[in-house]
Amino acid sequence: MENNSSFDLGRMRLSGNQAVARGALEAGVRVTTGYPGAPISDLQGSFEQLAGNIPKRNPFTIRVGEMLDQTGYQLAAHWGTTTNEDNAAALALGAVICKGDFKKREFLTEEEWDLVYGDTVFAKDKGKRIPVGSRVMCSFKHLGANTAADALRVSVNVVPYTGGLGIASGDDRQGTSSQTMQDNKVLFGFHFRIPTLELHSPSTAHTTVKNCYRLFEELGVPFAVIMNYDLSYREVSVDPVVELDMEVNHRRKGFTRDPKHLVTIGPHIRPRERKFHSKLIHLFKQKIIENFELLGNRVTEYGAEPKAMIVVNGPFREDFRLVDDDPALRDRLLNKYEDVVVIESNLVFPQPGALYEDLVSKHPIEKIYVFEEGYGRVIYLQLLDLVNRRGLKVKVLDRSIPYEPRIYERFSYIDHILNG
Amino acid sequence: MASKQNPAPKDKAADEITYLRPVSNCSGCGDTKVSWSVREGMRRFNRQLKLKGKDRYELIYAADRGCGNLQGYHAYGIVDAIFCMGTGAIVGDGIKESCSDKQIVLTASGDGAYNFNISGIKFAAKNKKFGAINVIYNNYNIRMTGGQIPLEVDFDKEGPALGFEVIHINPYRVDDNAELFKELYRRYLNKEKIMVVADGVCVLDMGKNAKNSGIRMGHFIRSDECLDLKFAKERARVAREEPEKLKGMPKFKCRLCGIGLRCHALLDNDPGKCFGCGACIQFPCPVGALSFDGPSFSTSTSINELKKT
C-alpha cells in the first residue's frame with residue numbers, strides 16, 4: 001500500500017469544522033471521539049459519517065468516504081455514545097497512550113529527545129526514535145472543556161505519552177447556543193498549559209492541524225485548536241487535494257507498560273509536573289520558534305524601521321489578510337502605525353518569547369498592539385509578562401474584543417485594527 | 001518519626017510529620033486477593049492455551065482511583081493506568097482501540113468510582129467492538145475520606161440494565177476466582193460484557209461487624225510440613241551451632257503464601273495478625289501445609305450468613 005495517497009476532490013465548499021476533519025485525516029488520525037454541541041458538532045459528525053456509523057450526507061463526507069474506502073483507511077469514531085465530554089476525553093486519552101510503534105526523529109535533537117523521553121521505558125532505544133501509536137482527535141464545544149477538565153488536566157501528567165492527541169474546541173463566544181460566552185483559550189492555555197492555537201480560516205486550517213500533529217506528537221504533548229462560532233460554520237470554496245498519511249494510519253498497535261508514567265499517583269506526577277513547567281514548556285517555545293511558519297504563522301515587516309508591532313490572532317488575522325490584497329488598506333495601515341511589524345499568528349499558548357525579544361532588539365519597536373478575540377486576553381497577558389520579566393522597553397497595548405459579535409452585528413475587524 | 005529521606009522540620013511539632021512508607025493493605029484485604037486471582041487467572045489462561053513467550057496473552061489493567069486499585073499497583077504491580085476518578089472503564093475502552101489483539105484489557109473501579117462515572121461504564125457495555133471485564137471492588141461504602149453515608153448500589157439490577165452480565169465473587173476464594181478469571185478472559189475475546197462484583201472487600205469493616213455480632217473469626221494454621229517453618233528451625237540450629245555459616249544462608253525458603261497473598265500474618269507467621277479472611281484455605285501451597293481453624297470470610301462475606309454457619 002502507498003504511504004501517502006493523494007486525491008483531488010474537486011471544487012467544494014468546506015466549513016471550518018470540515019477543514020479540521022480534513023487536517024486530521026491527512027495527519028492519519030485513527031481514533032476520534034467527541035461530544036456534540038454547537039458549533040463543533042459537525043466535526044465529529046463528519047468522522048461518524050466517514051466511519052460508517054451514520055449515513056454520509058454531504059459532498060465532503062461522500063467524496064472523502066469513497067477515498068477512505070479505496071485506501072483502506074482505519075477510522076474509529078465515538079460520538080454521542082461517549083455520553084459526555086469527560087468520557088470523550090478519557091477515551092481519547094486511553095487510545096493515545098498506547099505506543100506500539102516507532103518513527104524517526106524529525107524535530108528533536110538527541111539531547112532534546114533525552115529530555116522528553118529520557119525517563120520513560122523507551123529511554124534505552126539506541127536510535128532515539130519516537131514511540132508512536134494511534135493519532136487521536138477529541139472535539140467538543142467550549143463548555144465541554146469544563147466537563148472534560150479532569151481528563152484534560154491529567155493528560156499533562158502523562159506527557160510524553162499523550163503525544164498525538166489533538167483537541168478541537170468550538171467556542172461559542174457569541175452566546176448563540178450556549179449559556180455562557182466562554183473563552184477557552186484561558187482553559188487550554190493558562191490552566192492546562194498545553195500548546196493552543198486559534199484557527200482562522202477554513203482554507204488553511206487543515207495544514208495547521210496536520211502540522212500540529214507532526215510537531216507536537218514528537219514533543220509528546222497534546223495540543224488544542226480553537227475555532228470561534230463563525231469559523232466553525234463559515235464555508236469557503238476550495239479545491240482540496242487531500243493527502244492521506246497511510247503510514248501513520250496503519251501504525252502497529254500495542255500498549256507498552258510504563259506505570260511510572262501512566263499510574264498518576266503523587267510520587268509519579270510530582271517530578272513530571274516540575275519538569276513540564278520548568279523544562280518542557282521552554283522546549284515547546286523553542287520548537288515553536290524553529291517551526292513558526294510550519295504552524296501557519298507569519299512575520300511580515302511593513303517598512304524599514306518599524307516602531308510598532310501588531311499581533312493579529314484568530315478572526316483578526318482572517319480579516320487582516322485583506323491588507324495584502326488591497327493597496328488602500330495597506331496605505332491606511334502605514335498611515336496609522338507608520339512602519340510596522342505584523343505577526344500573524346495562530347499561536348495562543350505558549351507565546352515564543354525569544355522571537356519577540358529578537359524582533360524588539362532588531363527594530364526600534366516602542367509599542368506592541370495585540371488583537372485577539374475573547375475576554376481571556378491570553379496573548380496580551382503573556383506578552384505583558386514577557387516585557388516585565390525581560391525588562392523590555394516596550395508598551396503592550398490590549399486591543400482585543402472580549403466576545404464574538406453575532407453574525408448580523410459583525411463589524412469589520414480590519415477597521416478595528418486600522419482605526420485603532 | 002523522622003527518617004533520613006523525610007527529616008523533621010524544626011518548626012513543626014512531631015505529630016505533624018508525614019511518614020514515608022509504601023502503601024500496604026491489611027493482611028485480610030480482599031482487594032489484594034482479587035488482584036492475585038486476576039494475575040493467576042491470566043497465567044492459567046495462557047497455560048491452558050499452551051502459549052509461551054511472545055505468543056502469550058498479556059493483561060492490561062486500567063484502573064480507577066482508590067485503595068482497591070492502588071494495592072494492585074503497589075503490591076502486585078499489575079496496574080497499568082490510573083487517571084481520573086471514574087474513568088477507568090472508559091480509558092480501558094480507549095486502550096482497546098489502540099492495543100494489540102494479544103492484549104486483554106481489564107478495568108476495575110471501586111464502588112465510589114462506579115457511582116462517580118456510571119456513564120463511562122455504560123459506554124463500555126454498549127461498545128460492540130470489544131469485550132469488557134469490569135471489576136467492581138464493592139465495600140458497600142464510599143470510603144476514601146471515610147465516614148460517608150453509603151450510597152447503596154444494587155449491582156444485580158444496575159449491571160444488567162447497563163448491559164453487563166453480573167457475577168458476584170467472594171474475594172477470599174482465590175483459587176475459584178482465578179479459574180473464573182481464566183474463563184472470563186476467553187469470554188472477553190468473544191466480546192462478552194461481564195461485571196465482576198467482589199463483595200465485602202473491606203476486611204476492617206467486616207472484622208468489626210463480626211466482632212460486634214459475637215463471631216470469633218478463625219485463623220490460619222501451618223503444619224510441620226511448611227517449608228518455611230522447617231527452614232526456620234534449621235536456621236535456628238545453624239545460629240546456635242555454626243553461627244559463622246548463618247551469614248551465607250537465605251532468610252527464608254518459600255514464603256509463597258505470604259508474598260502471594262500479601263498477608264502480613266503469613267509472612268510473620270503470626271496468627272494474631274490474622275483477620276480470619278480464609279484466603280489461604282484455597283491458596284495452592286506446594287506442600288499442602290496451610291489449613292484454617294474456625295469461621296472465615298471465605299465461607300461468606302455476609303455476617304448474617306456467617307452467623308448461620
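Let me start with one definition: I'll say two residues touch, or are in contact, when their C-beta atoms, placed from the backbone, lie within 7 Å. With that in hand, please find Val225(A). Leaving aside residues up to four places away in sequence, Val225(A) touches Val20(A), Gly166(A), Ala168(A), Leu197(A), Leu199(A), Val209(A) and Cys212(A).

Before going on, a reminder that what you see here is a predicted model. The predictor gives the complex an ipTM of 0.95, along with a pTM of 0.92. For chain B, the mean pLDDT is 88, and 89% of the residues in chain B reach 70 or more.

Now back to Val225(A), and the core around it. Which residues touch the most other members of the largest nonpolar core? They are Ala92(A), Val225(A) and Ile310(A), in a core of 192 residues. The element that gives the most to this core is helix H4 of chain A, residues 85–96, with 8 residues. As a general remark, nonpolar side chains in soluble globular proteins tend to be buried together.

Let's step back to the layout of chain A. Chain A has two domains, with domain 1 running over 4–290 and domain 2 over 298–419. Taken over C-alpha atoms, the centres of domain 1 of chain A and domain 2 of chain A are separated by 27 Å. Their contact draws 26 residues from domain 1 of chain A and 23 residues from domain 2 of chain A. On the domain 1 side of that contact, helix H8 (184–191), strand E9 (196–198), helix H10 (229–233) and helix H13 (266–290) of chain A each supply at least two residues.

While we're in chain A, a few backbone details are worth a look. There is a cis peptide bond between Ala38(A) and Pro39(A), with omega about 10°. To find Pro39(A), go to the loop between strand E3 (31–34) and helix H2 (41–50) of chain A. Another cis peptide bond joins Phe349(A) to Pro350(A), where omega is about -10°. Pro350(A) is in the loop between strand E16 (347–349) and helix H16 (353–362) of chain A.

For Thr83(A), phi is near 60°, and Thr83(A) sits in the loop between strand E4 (76–78) and H4 of chain A. For Lys128(A), phi is about 45°, and the loop in question runs between helix H5 (110–117) and strand E6 (130–132) of chain A. Is Lys128(A) buried or exposed? Lys128(A) is buried, because 20 other C-beta atoms lie within 10 Å, and 20 or more is the cut-off for that label. Thr83(A) has 18 other C-beta atoms within 10 Å, so Thr83(A) is partly exposed.

On to the interface between the chains. Here 26 residues of chain B are in contact with 30 residues of chain A. On the chain B side, strand E1 (58–63), strand E2 (81–82), helix H3 (88–98) and helix H5 (118–126) of chain B each supply at least two residues. H3(B) provides the largest share of that side, 8 residues. By class, the side of chain B that touches chain A has 13 nonpolar, 8 polar and 5 charged residues.

Chain B also comes in two domains, domain 1 at 30–201 and domain 2 at 210–308. The C-alpha centres of domain 1 of chain B and domain 2 of chain B are 28 Å apart. Each of these two domains of chain B gives 12 residues to their contact. H1 and helix H7 (174–189) of chain B are the elements that give two or more residues to the domain 1 side. By class, that side of domain 1 of chain B, touching domain 2 of chain B, has 4 nonpolar, 3 polar and 5 charged residues.

I'll finish with helix H8 of chain B, residues 203–212, where Val203(B), Met206(B) and Ala210(B) are buried. Why do the buried residues of H8(B) line one face of the helix? Seen down the axis of H8(B), they fall within an arc of 60°, so they line one face. Lys208(B), Lys211(B) and Asn212(B), on the other side of H8(B), are exposed. The buried residues of H8(B) are covered by elements including helix H1 (30–48) and helix H12 (303–308) of chain B. After H8(B) comes Gly214(B), with a positive phi near 80°.

Thanks, everyone, and I'm happy to go back to any of these spots.

Notes. Residues numbered from 1 in each chain as written. Chains lettered and ligands numbered in written order. Core = buried A, V, L, I, M, F, W, Y, C linked by C-beta atoms within 7 Å. Buried ≥ 20, exposed ≤ 12 C-beta atoms within 10 Å, placed from the backbone. Helix = DSSP H or I, 4+ residues; strand = E, 2+ residues; numbered from the N terminus. Domains from an automatic or database assignment. pLDDT = per-residue confidence, 0-100. Arc of directions from axis to C-beta. Nonpolar A, V, L, I, M, F, W, Y, C, P; charged D, E, K, R; others polar.
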